[in-house]
Amino acid sequence: MQKKHPLIKKNDKVVVLSGKEKGKIGTVLKVDSEKGRAIVEKVNMVKRHTRPGGKHAQGGIVEKEGPLQISNLMIMCGKCAEPTRIGKRILEDGSKVRVCKKCGELLDS
Ligand SMILES: [Zn+2]
């Protein structure tokens, strides 16, 4: 089976393109490439009820980031300070890096 390479990775700064969280910007905390979803810090917060016991002795409601479709996210270029399309460049040592299609800035640190 062919392995998918999501263009968005952990620690990327992304903007949400559609849905109720449209326009929000956050840092990617987690990518689930199989489901095509990502968790973005402080975006798409959902309330969850927890049962008493374990970590939450009292039970109650906690707020947690809900998953977003990766296809609804676009990476932010630090140099352009706006969402950009991702280009690819192969370095001299053969490694592939992601670059901003507008300005060529490296998106991988
Ligand atoms: Zn750029």
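This report describes the zinc site and part of the strand pairing in a predicted model.

## The zinc site

The zinc ion has four protein donors, each given here with its atom: Cys77 (SG), Cys80 (SG), Cys100 (SG) and Cys103 (SG). These donors lie 2.2 to 2.3 Å from the zinc ion. The 4 donor atoms subtend angles of 106 to 114° around the zinc ion, and the arrangement is therefore tetrahedral. For comparison, the ideal angle for four tetrahedral donors at a metal is 109.5 degrees.

Along the chain, the donors follow the spacing C-x2-C-x19-C-x2-C. Cys77, in strand 7 (residues 73-77), and Cys103, in the segment after strand 10 (96-100), are 26 residues apart, and this pair links distant parts of the chain.

## Accessibility and disulfides

Cys77 counts as buried because its relative accessibility is 1%. Cys100 also counts as buried, with a relative accessibility of 2%. Cys103, by contrast, is partly exposed, as its relative accessible area is 33%.

A disulfide is a covalent bond between the sulfur atoms of two cysteines. The structure holds 0 disulfides.

## Strand pairing around strand 3

Strand 2 (residues 25-32) pairs with strand 3 (residues 37-40) in the antiparallel sense, over 4 bridges. The two strands form a hairpin with 4 residues between them. In the turn, Gly36 has a positive phi of about 70°.

Strand 3 is also joined to strand 6 (residues 68-69) by 2 bridges, and these strands run antiparallel. Arg37 takes part in both pairings: Arg37 is the bridge partner of Asp32, and Arg37 stands opposite Gln69 in strand 6.

Key:
Residues are numbered from 1 along each chain as its sequence is written. This is a predicted model: local features need pLDDT of at least 70, side-chain atom pairs count only at pLDDT 80 or more; totals for chains, interfaces and linings use all residues. Side-chain values use heavy atoms; hydrogens and water are left out. Two strands pair if DSSP finds at least two bridges between them. A disulfide is a pair of cysteine sulfur atoms within 2.5 Å. Buried means under 20% relative accessible area, exposed over 50%, partly exposed in between (1.4 Å probe, protein chains only). Donors are N, O and S atoms within 2.8 Å of the metal (3.2 Å for Na, K and Ca); water is not among the atoms, so sites may look incomplete. Four donors count as tetrahedral if all angles lie between 85 and 135 degrees; four count as square planar and six as octahedral if opposite donors are over 155 degrees apart and all others between 65 and 115; anything else is irregular.
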